[in-house]
Amino acid sequence: MKTTVFVFHPHMNDSVVNKALAKAAEETQVEVRYMYDMYPDGKIDVNAEQKILEATDRIVLQFPLYWYSCPPLLKQWEDEVFEHGWAYGSNGTALHGKELMLAISTGAQASDYSKGSRFNVTIDELVLPFKATSQLIGTTWIAPFVTYGALGIEPATLAAQAEAYVATLK
Ligand SMILES: Cc1cc2nc3c(=O)[nH]c(=O)nc-3n(C[C@H](O)[C@H](O)[C@H](O)COP(=O)(O)O)c2cc1C
């Protein structure tokens, strides 16, 4: 099974968590694509992206949570790459049967993402647009891999999380 990790982080040089997770994924021979490095001008090569997706069995979208959502290049990538007649519509079957997983880091703690808490919303609720997209494009939804409390994360916690990520990707 071929897994491809698409990393959408606008400031990868300053990243702690996404950098560590992506590096751990690379060490397991999983293909990791740094999308902001690839498309610094925001001009996405739709054809190339579709070819890569067609050759992948498991699509992992990795990103830091920004304003309870994803960084803008990921949204643009979805808008442009998931074309009608390719990803959806009566002839749009290119992604059918593949797996889709999100790998998200949050600055806030896990306890903030529950009902009655500071944000009063769960991560499962926040990712509903991705879940609905997965339904439309015919992929199998895998529960998100979430790293909470990314700001000031302890090195040992991050190492354990990287290990858990690798185990999930394998
Ligand atoms: C513009 C911006 C918006 C953010 N919005 C959120 C948010 O809505 N919820 C949250 O928990 N953290 C938020 N954060 C914190 C990031 O999620 C956090 O810095 C990131 O996950 C850390 O990962 P990294 O070490 O790979 O950069 C935000 C950070 C930035 C810069």
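The shell around the ligand comprises 11 nonpolar, six polar and no charged residues, where Ala, Val, Leu, Ile, Met, Phe, Trp, Tyr, Cys and Pro count as nonpolar, Asp, Glu, Lys and Arg as charged, and the others, Gly among them, as polar. The model is predicted: local features require pLDDT of at least 70 and side-chain atom pairs pLDDT 80 or more, whereas totals for chains, interfaces and linings use all residues. Residues are numbered from 1 along each chain as its sequence is written, and side-chain values use heavy atoms, with hydrogens and water left out.

The ligand is surrounded by 17 residues, of which the closest are His 9, Ser 15, Asn 18, Ser 105 and Tyr 113; a residue is near a molecule if one of its heavy atoms lies within 4 Å of it. A side-chain N or O atom of Ser 15 lies 2.7 Å from a ligand oxygen. A polar backbone atom of Val 17 is 2.9 Å from an oxygen atom of the ligand, and a backbone N or O atom of Tyr 68 is 2.8 Å from a ligand oxygen. Taken alone, the ligand exposes 630 Å², and the protein buries 76% of that area (Shrake-Rupley method, 1.4 Å probe).

Tyr 68 is placed in the loop between β3 (58–64) and α4 (72–81), helices (H or I, at least four residues) and strands (E, at least two) being DSSP runs numbered from the N terminus. Its phi is near 60°, a positive value in a residue other than glycine. Most residues other than glycine have a negative phi. With 35% relative accessibility, Tyr 68 counts as partly exposed; buried means under 20% relative accessible area, exposed over 50%, and partly exposed in between (1.4 Å probe, protein chains only). A positive phi, of about 70°, also occurs at Gln 29, which lies in the loop between α1 (17–26) and β2 and is exposed at 69% relative accessible area.

The structure holds nine aromatic pairs; rings of Phe, Tyr and Trp (its six-membered ring) pair if their centres lie within 6.5 Å, with planes under 30 degrees apart counted as stacked, over 60 as edge-to-face and the rest as tilted. The rings of Tyr 113 and Tyr 148 are tilted, because their planes stand at 35°, with their centres 6.0 Å apart. Tyr 113 lies in the loop between β4 (99–105) and α5 (123–126) and Tyr 148 in the loop between β5 (140–147) and α7 (155–169), so the pair ties together parts that are 35 residues apart in sequence. Tyr 113 is buried at 8% relative accessibility, whereas Tyr 148 is partly exposed at 29%.

Among the buried residues, Phe 145 is located in strand β5 and has a relative accessibility of 10%. Its C-alpha atom is separated by 4.6 Å from that of Ala 103, 42 residues away along the chain. Leaving aside residues up to four places away in sequence, the contacts of Phe 145 include Leu 21, Met 101, Ala 103 and Tyr 165 (heavy atoms within 4.5 Å). Arg 33, in strand β2 (residues 31–34), is buried at 5%; with the sequence neighbours up to four places away not counted, Arg 33 touches residues including Thr 4, Phe 6, Glu 49 and Ile 52. Gln 50 in helix α3 (residues 46–54) is buried at 8% relative accessibility.

Terms used:
Polar contact = N/O pair within 3.5 Å; in protein donor to acceptor, adjacent residues only side chain to side chain.
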